[in-house]
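Here are my notes for anyone opening this one for the first time. Have a look at the sequence and the model, then go through the points below.

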Amino acid sequence: MEHPGAESPGGGSSSGGGSTSSTSSQEGEEPESPGGPGPEEEEDDEAAAAASPATYAMMEDCLLKKIEISVAEAEKRTGRNAMNMQETYTAYLVETRAVESQAEGQCSPPDSLWRRYSEFELLRNYLLVNYPHVIVPPLPEKRAEFVWHKLAADNMDPDFVERRRIGLENFLLRVASHPILCQEKIFNAFLTKEGGWKETVNETGFQLKADSRLKALNATFRVKNPDRRFTELKHYSDELQSVISHLLRVRARVADRLYGVYKVHGNYGRVFSEWSAIEKEMGDGLQSAGHHMDVYAASIDDILEEEEHYADQLKEYLFYAEALRAVCRKHELLQYELEMAAQDLTSKKQQCEELATGTVRTFSLKGMTSKLFGQETPEQREAKIKVLEEQIRDGEEQLKAKNLESRMNVYHSFLFKNAKLIQLKH
C-alpha cells in the first residue's frame, strides 16, 4: 500500500554521515590529515553503489510494508504535569494494523494507543542521538510560526491541531519507511507499548551521549580539514533555510495586507446594503452590489486557507534543512575529534622518540628542566617510554575506531542516496 506521507518533501528519507581518513601506524611517522576529500570519497561512492541493490531490498522490507500506521484523531485533555500543576494538552491516537490481515480479508480492529506531542519529541531526540548519520524526519511545529493576524497562534486551535496531526502521521510514516530507523526497537515500542515507554527510553541513557551545542560550535571553527561534501551540504542547507524563512515571513505580511483589502470590500457591502434600504429607484442595484461585495470579501478565507496548505509544505522543507544541518554539525564534531586524536597520537610518538634517543626536537619546558637539573636516569626514561608506548597503542586503537565510524557514516550516507535513486527509477 502506498503512503504518500512517507516521502520527504525533498524526495524521501535520507541519511548523512562523516568523512574518511587514513593514518599511519609506524612510529615517528605523522598520520595523514583525516577527513579531507581524497581517494576514500571515490571508494565510499563505489562501495555504496555496489551495495545499492541490497539496500533497495532493505527498503522494500521496511516496516511500512508490513503494517499500516495512522494518527487517527486528536483529543484535548486536562491533567497534571511533573510539577503537579494542572495543564491542558492534546493527545493523539496512534493506530496500527497488520497489512497481512488486510490481504487475507480479515477486518480486525487496529491496535491503538494515545501519545502526547512531547513523546513524539522524545522519540525523535532518541533517534537523533543514536543515528547521527541519518537525516531524521522532522516533526511539525510545536507552536504556529510565520502566522498572520487571522491565523490563530494558539496551539490548541482546532485547525492548527489538525495540521499538526497530519504532520505527526507523516513523521511516523517516514520513520517506518526508513530501512534503518524502522528497525529500532524503541520506535516499535512507541507504536505498541503505551505504558512505561518513556521510562524505557530514559533508561537507555541516550541523553548522556547528546553533544552540547557549545561543543559542536567549537568543532565548527577549529576543524582543520573539513570534508568538502559536507561543507557543500551545510552551505546548501543554510541557504535553503534562509530563503524559505524569508519567503514565509513575506507571505505572512502579504496575507495580512490582502486580507485587509478584501475585508474592506465587506464594509462596502454593508454600506451598500444599508443604502439600498433608503433608495427607491436604485435599491435593487445597491442590494445586488452589496451582495457581490460580501461574496468577494468572504472569498479571501478560502484563498488563504489553500495558501496555508502550501505554507505547511514549505515549513517541512525548512525543518528538513535544519535536520540536514544537524547531520553536518555531527560530522564536524566527529571530524574534530578525529583530528585531535591524530594530533595527540603524533605528539606521544614524538615524546617517545625523544626519550629513546635523548634528543629534543622542539622547545619545551621539560627540555629546559632537564638542562637545568640534569638528565633523567635510564630507569626513569625506560618507565616513561613504557607508559608512552601503552598510550600510543591505546591512541592507535582509538584512532582506528574513529576512522571506522567516520567511514561507516559516509558509507551509509551514499548507500541510501543511491538506493533512493534506484527506488525512484522503479
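1. A word on burial before anything else: buried means under 20% relative accessible area, exposed means over 50%, and partly exposed is in between, with a 1.4 Å probe and protein chains only. By that rule Cys328 is buried, because its relative accessibility is 1%. Cys182 is buried too, since its relative accessibility comes to 7%.

2. Some ground rules. This is a predicted model, where local features need pLDDT of at least 70 and side-chain atom pairs count only at pLDDT 80 or more, while totals for chains, interfaces and linings use all residues. Residues are numbered from 1 along each chain as its sequence is written, and side-chain values use heavy atoms, with hydrogens and water left out.

3. How many disulfides does the structure hold? The count is 0, a disulfide being a pair of cysteine sulfur atoms within 2.5 Å.

4. Now for the charged side chains. Side chains of opposite charge can pair when their charged atoms come close. I take a salt bridge as a side-chain nitrogen of Lys or Arg within 4 Å of a carboxyl oxygen of Asp or Glu. Searching the whole structure turns up 19 salt bridges.

5. One of them links Arg77 to Glu75, at 2.7 Å from N to O.

6. Glu232 has a relative accessible area of 46%, so it is partly exposed, and Arg228 is partly exposed at 40%.

7. Helix H11 (residues 378-425) holds another pair: Arg393 and Glu390, 3 residues apart, about one turn of the helix. The closest N and O atoms of their salt bridge are 2.7 Å apart. Arg393 is partly exposed because its relative accessibility is 44%, and Glu390 is partly exposed at 39%.

Terms used
Helices (H or I, at least four residues) and strands (E, at least two) are DSSP runs, numbered from the N terminus.
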